[in-house]
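I went through the model one spot at a time and jotted down what I looked up.

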Amino acid sequence: MPLNTRTIPGGSTRLVGLIGDGIRLSYSFHLHNTVFAELGMDWVYLPIHVNARPQEELEAALRGLRALGFVGANVTMPFKSTVLEHLDLLQGDALPIGAVNALRIEPDGRFLGINTDAPGFTADMKHHGVVCRDRPAIVLGAGGAARAVTYALLQAGCSDLAISNRTSERAQELVSHLGRLFPGARIRSTTWMDGLPSCVKPASIIVNCTSVGMAGTPTSHQLPWPADLGFQQGHVVVDLVYRPELTPFLARAQADGVALAMGGRGMLYRQAALSFAWWTGRSSPMAQMRRAMDSITPSLEGEHALEREHTSLTAPDTSSQPPGGMLHDSSDGFSPVQQESEQRGATQLPAGPRAGLPALRKGIDDLDRRILQLLAGRMGLVSAIGRIKSTQGLDVHDPRREDAVRERWAQIARSQRLPRDLAMKLLDLLLGASRSLQLNTKEGPASRDSAAGVGS
Ligand SMILES: NC(=O)c1ccc[n+]([C@@H]2O[C@H](COP(=O)([O-])OP(=O)(O)OC[C@H]3O[C@@H](n4cnc5c(N)ncnc54)[C@H](OP(=O)(O)O)[C@@H]3O)[C@@H](O)[C@H]2O)c1
């Protein structure tokens, strides 16, 4: 690809970046730098790694940014709330939210803070046609992102909000804070994992605002949700984690047939476009940010996602239809945030007839790994059900349940345009393996030989 000389930093290049502890996997560098290059702007977006401990590091980093002439920066984990005490002025809803994800350094040296996560989330929910008014919601997490999301949900009219966080004191503190802001709303905290079943309602909006499930972290294969707690068809499930695009949490929600399972990428590029506009004084480049986001294809999600060759392949435009059509209501609980002109752009794949093979094969390998991870999750649930059946004296073989599963697989295969035969063969294998596992659970390892034949 010919180098765009305007993308090479020079003496008058304007500097922005991302402050955080653990920013290696962020897509913000790709988004902002791609859009700067596309718009021919002499700006660059840099990584600014700051250690969470000792606390003085953040203040030192902020002083450094000012000394080095940075225009501003995004702020991410774990500084979104702690950065507030170092700022001179908060704009927008940053003060009531109690978290900032973008800061700007004024010519007189003052630090301004703003929260673009909340309007980014709101705009994405609105784009997907999700109605919040009078709906119950569950938010997992109580960090900076959870502050923005809970605020946005309550502003949009959520009637009943439950917050669950690993560190319960943080959830309780957020509940008290929101209670003062929204005195009419029902807001409560619940214990991490154990308290969740009692909060689930048929129409719940469930949002993961923890980092659990993020690729490249120790929790990448985990759920922020009890493994034996299913989702319901009326649920809207949102995962703010955007890497991978299909997180274990979303995969589980999709498998349970929820009304809408929504990833974090829409919110990510929307908050990025809003930050961009705030720093540069230009209008929000929503369409460009979206194209930059779409150019991160599933096959390029690995560690070296940004080291690649490019050519373009136009993808069909399906973006204008809200996926959760039944949820759409023009009088939704979200107020318009941003006029967007969004055209789905080109999806980037490696160039040449053969040059793309390694990346595509890597994509297959990644998907195979995920399929096996999901399979492991499914067998875990099968085993849990087996234990219940065993203690209750229930039969392992349940023909009515199997018929219902077959029917659902046929529906999903149709909607995914998968050959029905292939889907059914796979299901037969899974059902056989599941029965064997449950028979083993019921009768103990001694019966393994006889059990192995049950599903064949
Ligand atoms: N899509 C987007 O645009 C967007 C925007 C913002 C954030 N995010 C994502 O949202 C996530 C949270 O970001 P943040 O800024 O809120 O970070 P944060 O302020 O550091 O909060 C992290 C949250 O995750 C929880 N957590 C971390 N590790 C956990 C574990 N092993 N088990 C259970 N809970 C765990 C924390 O619980 P404790 O309080 O117990 O530590 C806390 O609630 C990140 O993955 C971030 O990438 C996405």
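This is a predicted model: local features need pLDDT of at least 70, side-chain atom pairs count only at pLDDT 80 or more; totals for chains, interfaces and linings use all residues.

I started at Ala61, which counts as partly exposed because it has 18 C-beta neighbours inside 10 Å. The scale I used: 20 or more other C-beta atoms within 10 Å of a residue's own is buried, 12 or fewer is exposed, in between is partly exposed, with C-beta atoms placed from the backbone. Ala61 sits in helix H2 (residues 56-67). I take helices (H or I, at least four residues) and strands (E, at least two) as DSSP runs, numbered from the N terminus. Leaving out residues up to four places away in sequence, Ala61 touches Ile19, Ile48 and Val50; contact means C-beta atoms, placed from the backbone, within 7 Å. I also checked Asn51: its C-alpha is 9.6 Å from that of Ala61, at 10 residues apart along the chain.

Numbering runs from 1 along each chain as its sequence is written.

Next, helix H6 (residues 168-181). Its 14 residues reach 20 Å from first C-alpha to last, close to the 20 Å expected at 1.5 Å a residue (the expected span is 1.5 Å times one less than the number of residues). Which residues of H6 are buried? I found Ala171, Leu174 and Leu178. They cover an arc of only 65° around the axis, so they lie on the same side of H6; the arc is that of the directions from the helix axis to the C-beta atoms. These buried residues pack against H5, strand E8 (160-164) and strand E9 (186-190). On the face turned away from the buried side I noted exposed Glu169, Ser176 and Arg180.

Then the ligand. Of the 29 residues around it, Gly143, Ala145, Arg166, Thr167 and Gly264 come nearest; being near takes a C-beta atom, placed from the backbone, within 6 Å. Helices H4 (117-127), H5 (144-155) and H8 (265-280) are the elements giving two or more residues to this shell. Domain 1 (11-115 + 269-303) and domain 2 (118-267) both contribute to the shell, so the ligand lies between them; the bounds come from an automatic or database domain assignment.

Last stop, Asp395, in the loop between helix H10 (357-392) and helix H11 (399-415). Asp395 counts as exposed because it has 9 C-beta neighbours inside 10 Å.

How values were computed: Two residues are in contact if their C-beta atoms, placed from the backbone, lie within 7 Å.
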